[in-house]
Amino acid sequence: MKEMIGKAISLGLGLAVAGKEQVEKTIEELVKKGEVSKAESRALVDELVLKGEELRQHVEAMARERVHAILGENRLATREDIARIEQRLEALERKNHTGN
């Protein structure tokens with residue numbers, strides 16, 4: 001049982017990389033070996049797919065936060081910064097053309 005839980009955790013973490021089909025294939029192998037009942041397999045697949053999706057979202061959020069932190073540390077312009085500067089430049093150009 002402890003080994004099966006370890007496999008399930010590894011499988012759930014691997015789901016961030018592997019697809020649902022791979023999870024189902026691995027669970028089918030566990031059913032064939034008798035480590036998981038057929039009745040438990042569907043619930044286990046659903047749970048691992050859900051956990052994998054949650055993990056994927058968490059990793060993406062952490063990566064996004066880190067990228068924003070790096071951009072902030074290096075004071076690089078964001079899209080919003082560039083858009084704001086472009087708007088100011090256009091306004092100045094309009095003002096300059098109408099002022100002459």
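These are legends for a set of close-up views of one predicted protein model.

**View 1. The whole chain at a glance.** The protein chain has four helices and zero strands, and its elements run α-α-α-α from the N terminus on. Helices (H or I, at least four residues) and strands (E, at least two) are DSSP runs, numbered from the N terminus. Buried residues make up 14% of the 100 residues in the chain; buried means under 20% relative accessible area, exposed over 50%, and partly exposed in between, with a 1.4 Å probe and protein chains only. The accessible surface comes to about 8200 Å², and 56% of that area belongs to carbon and sulfur atoms. Accessible areas come from the Shrake-Rupley method with a 1.4 Å probe, and for residues only the protein chains shown count as cover. Among contacts between residues at least 6 apart in sequence, 47% join residues at least 24 apart, where contact means heavy atoms within 4.5 Å. A note on the ground rules: residues are numbered from 1 along each chain as its sequence is written, and side-chain values use heavy atoms, with hydrogens and water left out. Because the model is predicted, local features need pLDDT of at least 70 and side-chain atom pairs count only at pLDDT 80 or more, while totals for chains, interfaces and linings use all residues.

**View 2. Helix α2 and its buried side.** Here you can follow α2 from end to end: at 1.5 Å a residue, its 14 residues should span 20 Å, and its end C-alpha atoms are 20 Å apart, which agrees. The expected span is 1.5 Å times one less than the number of residues in the helix. Val23, Ile27 and Leu30 are the buried residues to look for in α2. They cover an arc of only 50 degrees around the axis, so they sit on the same side of α2; the arc is that of the directions from the helix axis to the C-beta atoms. As background, an α-helix has 3.6 residues a turn, so residues three or four places apart point the same way. The face of α2 turned away from its buried side carries the exposed residues Glu21 and Lys32. After α2 comes glycine 34, with a positive phi near 85 degrees.

**View 3. The largest nonpolar core.** Seven residues make up this core: Val23, Ile27, Leu30, Val36, Leu44, Val45 and Leu48. A nonpolar core is a set of buried Ala, Val, Leu, Ile, Met, Phe, Trp, Tyr and Cys residues joined through side-chain atoms within 4.5 Å. Helices α2 and α3 each supply at least two residues of the core.

View 4. Serine 41 is found in helix α3. With a relative accessible area of 10%, serine 41 is buried. Leaving aside its neighbours within four places in sequence, serine 41 is in contact with Ile27, Val31 and Val36.

**View 5. A salt-bridge network around arginine 42.** Glu24, Arg42 and Asp46 are linked in a network of salt bridges. A salt bridge is a side-chain nitrogen of Lys or Arg within 4 Å of a carboxyl oxygen of Asp or Glu. The side chains of glutamate 24 and arginine 42 meet at 3.9 Å, N to O. This pair links distant parts of the chain, with glutamate 24 in helix α2 (residues 20–33) and arginine 42 in helix α3 (residues 38–73), 18 residues apart. Arginine 42 also forms a salt bridge with aspartate 46, and here the closest N and O atoms are 3.0 Å apart. Arginine 42 and aspartate 46 are four residues apart in helix α3, so about one helical turn separates them.

**View 6. Glutamate 28 and arginine 42.** Glutamate 28 is found in helix α2 and is partly exposed, with a relative accessible area of 45%. The C-alpha atoms of glutamate 28 and arginine 42 are separated by 9.7 Å, and the two residues are 14 apart along the chain.

**View 7. A salt bridge within helix α4.** The structure holds three salt bridges, and one of them joins the side chains of aspartate 81 and arginine 84 at 3.0 Å, N to O. Both residues lie in helix α4 (residues 79–99), three residues apart, about one turn of the helix. Aspartate 81 is partly exposed at 23% relative accessibility, and arginine 84 is partly exposed at 45%.
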